[in-house]
Every structure is written in C-alpha cells, then in structure tokens.
Amino acid sequence: MDPNSSISPISIRLVNVKKYFKDRDVEALGGVSLEVLRGEFLSFIGPSGSGKSTLLELLGDIGDEGGPTDGEILIEGKTPEDLRRTRGYGIVFQESTLFPWYRVFQNCLLPFRIAKSKIPPEQQVKRIEMLLEMVELDKKFWSYYPRELSGGMQQRVAIVRALALDPPLLLMDEPFGALDDLTRKTMQMLLLDIWSKTKKTILMVTHSISEACFMSDRVAVLTHRPGRIARIISIPLDRPRERSMTETKAFARICSMVREALGSGRSLEEDGSIKE
C-alpha cells in the first residue's frame with residue numbers, strides 16, 4: 001500500500017460491540033472488537049450460541065431487534081443500515097433461499113429489480129451470464145427451477161445472486177453446511193477462486209475447523225455466550241490454496257491452534273456442532 005495514500009486498508013471496524021436480546025433475555029455478544037482489512041477472507045468459528053450468526057446479522061443490519069445494544073460497527077465508513085440501503089453487501093445463507101417460482105436466471109436478476117438498478121437490462125444479463133459461468137453452472141441449468149437443482153447447484157446460484165450488484169463485501173453464514181463432504185470441498189475451491197478473481201472482502205461463519213483454516217486469511221475464535229473474541233489466528237498458508245495443503249503437518253498444527261482456542265477437548269465433544 002502507498003504510504004501516502006489517504007485510503008485506509010481497514011474495511012470493517014467493530015468497537016466493543018454488544019448485543020442483548022430483550023425478548024429472549026439473552027446476552028449474545030459481550031463486547032467484540034475487530035478490524036478487517038479490505039479484500040481479506042476472515043472466518044468466525046465458535047461454540048453453538050457464541051453469537052457468530054448474530055454478529056453477521058448485525059453487520060448486515062438484518063437482525064430481529066435492530067443494531068448493537070452497545071458499541072459501533074463501521075463498514076467502509078458507513079453504518080450497517082447505510083450499507084444495507086445502498087446494497088453494499090451480498091449475503092449467502094446455509095439454505096440457498098432462492099425463490100421457488102422463479103427460474104435460475106430470474107432469481108439471479110432479482111437484485112437489480114429490487115435495487116431499481118439503472119444499469120441497462122442487456123448489461124444486467126451479461127453480468128449474470130458472466131457470474132454463472134464463473135461459478136461453473138452449466139448453461140442448460142439456467143432455465144431450471146431451484147427445486148430441479150442439487151444443493152451445490154442451488155448454492156452456486158445463491159452466490160451469483162449475492163454478487164449480482166458487485167458489492168465489495170460478501171457475508172456468508174454456514175454457506176456449505178448443508179452439503180455433502182465432496183460437494184462442500186468442491187464449493188470451497190470454487191469460492192476461493194471467485195474470491196481471488198473479485199477481491200471481495202469475505203466474512204464467513206462456519207462450524208468446521210478445517211474449513212476455516214483452509215479458506216481464511218485469519219480465523220476469529222469466539223467464546224461461549226456471551227460471545228467475545230478469544231483469539232484471532234493468522235493462517236500462514238500460501239495462496240492460492242491447494243487441497244493437498246490439508247494433508248500437511250503445518251495444517252494440522254494450525255487446526256490444533258484453533259481447537260485449543262475453542263477450549264478443552266471435552267467442551268468440543270459436548271458441542272456437536274464443531275467439526276474437524
């Protein structure tokens with residue numbers, strides 16, 4: 001980075017973010033502070049109920065009880081509410097959340113309609129075609145309904161829809177959690193390829209230690225409720241990532257660091273959501 005540049009490399013800044021749900025009498029987050037670099041791939045991992053999804057909801061301003069109870073979140077200098085209103089992020093959930101009555105291509109074009117985009121229709125079509133090709137969805141499936149697609153195909157379409165408006169930030173909540181192991185690994189490599197081509201900032205929630213370590217630049221480990229960051233672990237693996245890296249002693253040591261940060265072996269066994 002040019003030292004004379006006035007543009008901060010920090011994309012996201014969280015300062016002592018807390019969240020208390022009054023209706024459930026639950027303190028979900030107990031004070032999270034974090035800075036995320038522009039273009040970084042960062043994963044959140046922690047026990048069930050540690051506030052991972054709540055954190056993502058706060059970043060996207062989509063929670064059921066408004067913003068943080070305390071603290072501050074800034075994304076590219078904007079509040080999450082401002083970012084949502086300007087369509088400044090894309091989001092992918094564990095389930096594809098595609099509209100079943102629309103075909104694949106129509107689902108992908110929806111963000112332009114919802115945002116009342118002024119981009120000419122032919123350019124919208126070209127962008128969706130480019131993205132569908134990027135996620136390697138065979139053209140014959142573009143006219144299919146979501147129910148006619150496999151889970152992996154549906155998630156490819158969900159990723160295209162999230163990227164349609166070319167947002168700088170991609171939020172992902174267990175995007176591959178519902179997929180079988182082989183499809184999940186395929187989708188991991190696909191997402192890493194998309195990330196390398198688009199330079200998006202990606203924040204991903206996962207319950208898989210190996211997934212977090214394999215894909216991320218850094219892994220933020222959260223504590224039991226109320227969630228706080230127990231440790232942030234930098235992943236010293238080269239880019240681009242290769243699947244063979246997961247068979248190395250170095251990778252095993254990295255996963256062990258995350259496992260230790262999560263807590264004792266007993267607590268991990270009790271939390272069945274945490275996976276190797």
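**Reading the salt bridges**

Analyst: Side chains of opposite charge can pair when their charged atoms come close. In this predicted model, Lys200 and Asp166 form such a salt bridge, with an N to O distance of 2.4 Å. Lys200 sits in the loop between α6 (181-198) and β7 (201-205), and Asp166 in the loop between α5 and β6, so the contact ties together parts 34 residues apart in sequence.

User: With which arginine does Asp166 form a salt bridge?

Analyst: The partner is Arg127, and the closest N and O atoms of the two are 3.5 Å apart. Arg127 belongs to helix α4 (residues 121-134) and Asp166 to the loop between α5 (151-163) and β6 (169-173), so this pair joins parts separated by 39 residues in sequence.

User: Which residue forms a salt bridge with Asp217?

Analyst: Asp217 pairs with Arg239, the closest N and O atoms being 2.9 Å apart. This pair links distant parts of the chain, 22 residues apart: Asp217 is in the loop between α7 (209-215) and β8 (218-222), and Arg239 in the loop between β9 (229-234) and α8 (249-262). Asp217 is partly exposed, with a relative accessible area of 23%, and Arg239 is partly exposed at 31%.

User: How many salt bridges are counted?

Analyst: With a cut-off of within 4 Å between the nitrogen and the carboxyl oxygen, the count comes to twelve salt bridges.

Methods. Residues are numbered from 1 along each chain as its sequence is written. This is a predicted model: local features need pLDDT of at least 70, side-chain atom pairs count only at pLDDT 80 or more; totals for chains, interfaces and linings use all residues. Side-chain values use heavy atoms; hydrogens and water are left out. A salt bridge is a side-chain nitrogen of Lys or Arg within 4 Å of a carboxyl oxygen of Asp or Glu. Helices (H or I, at least four residues) and strands (E, at least two) are DSSP runs, numbered from the N terminus. Buried means under 20% relative accessible area, exposed over 50%, partly exposed in between (1.4 Å probe, protein chains only).
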